[in-house]
Amino acid sequence: MAKHKLVAFYLSLALGGTLCHGSVSAAPEPASPAVSQNAHPAPKPETAAQLQPKQEQVSINEATAEQLSAAMNGVGLKKAQAIVNYREQYGPFSAIQQLSEVPGIGNTLIERNASRLKL
C-alpha cells in the first residue's frame with residue numbers, strides 16, 4: 001500500500017501536482033466550451049535566447065585572458081591567453097573571424113561565441 005501512495009505522489013509531482021496523493025485520477029476534467037472560449041490564450045513559449053540573460057559583449061582587442069575565458073563558451077584560461085598573446089604579437093584583430101588564426105581556436109568555437117564578442 002505504501003508503494004502505491006509513493007507512486008501516486010511521484011505521478012502527482014510529474015503532472016504538476018494535479019493529483020491528490022490520496023487518490024489517483026486519469027486527468028483533470030476538461031473545461032467546458034463556454035469557459036474555454038472566454039479564457040485567455042496560453043502565452044507563447046519563450047525562445048532560448050529570451051530565457052538567457054542579456055550578456056554584454058567582450059572586446060577581443062581589449063579584454064584580458066580572464067575576461068575572455070569568463071565570457072566565451074568553451075574557452076578556458078589557456079585558450080584565452082593564446083588570444084591575448086596573438087593580439088600582443090600581431091596587433092589588434094580586424095575581424096572576429098580572424099580568431100581562427102589563433103592556435104586552438106576553430107570556426108565552430110568562433111560561431112558559438114560570435115554574439116558574445118566585439119572588436
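Start with the largest nonpolar core, which has 18 residues; such a core is a set of buried Ala, Val, Leu, Ile, Met, Phe, Trp, Tyr and Cys residues joined through side-chain atoms within 4.5 Å. Select L68, I83, F93, L99, V102 and I105, the members that touch the most others. Elements giving two or more residues to this core are α4 (65-71), α5 (77-90) and α6 (107-113), and α5 supplies the largest share, four residues. Helices (H or I, at least four residues) and strands (E, at least two) are DSSP runs, numbered from the N terminus.

This is a predicted model: local features need pLDDT of at least 70, side-chain atom pairs count only at pLDDT 80 or more, and totals for chains, interfaces and linings use all residues. Residues are numbered from 1 along each chain as its sequence is written, and side-chain values use heavy atoms, with hydrogens and water left out.

Next, select α5. Its buried residues are A80, I83, V84, Y86 and R87 (buried is under 20% relative accessible area, exposed over 50%, partly exposed in between; 1.4 Å probe, protein chains only). Turn to the face away from the buried side for the exposed K78, E88 and Q89.

Finally, select R87 in α5. R87 is buried yet has no salt bridge (a side-chain nitrogen of Lys or Arg within 4 Å of a carboxyl oxygen of Asp or Glu). The nearest side chain of opposite charge, E88, is 5.3 Å away (Lys and Arg count as positive, Asp and Glu as negative; His and the chain ends are not counted).
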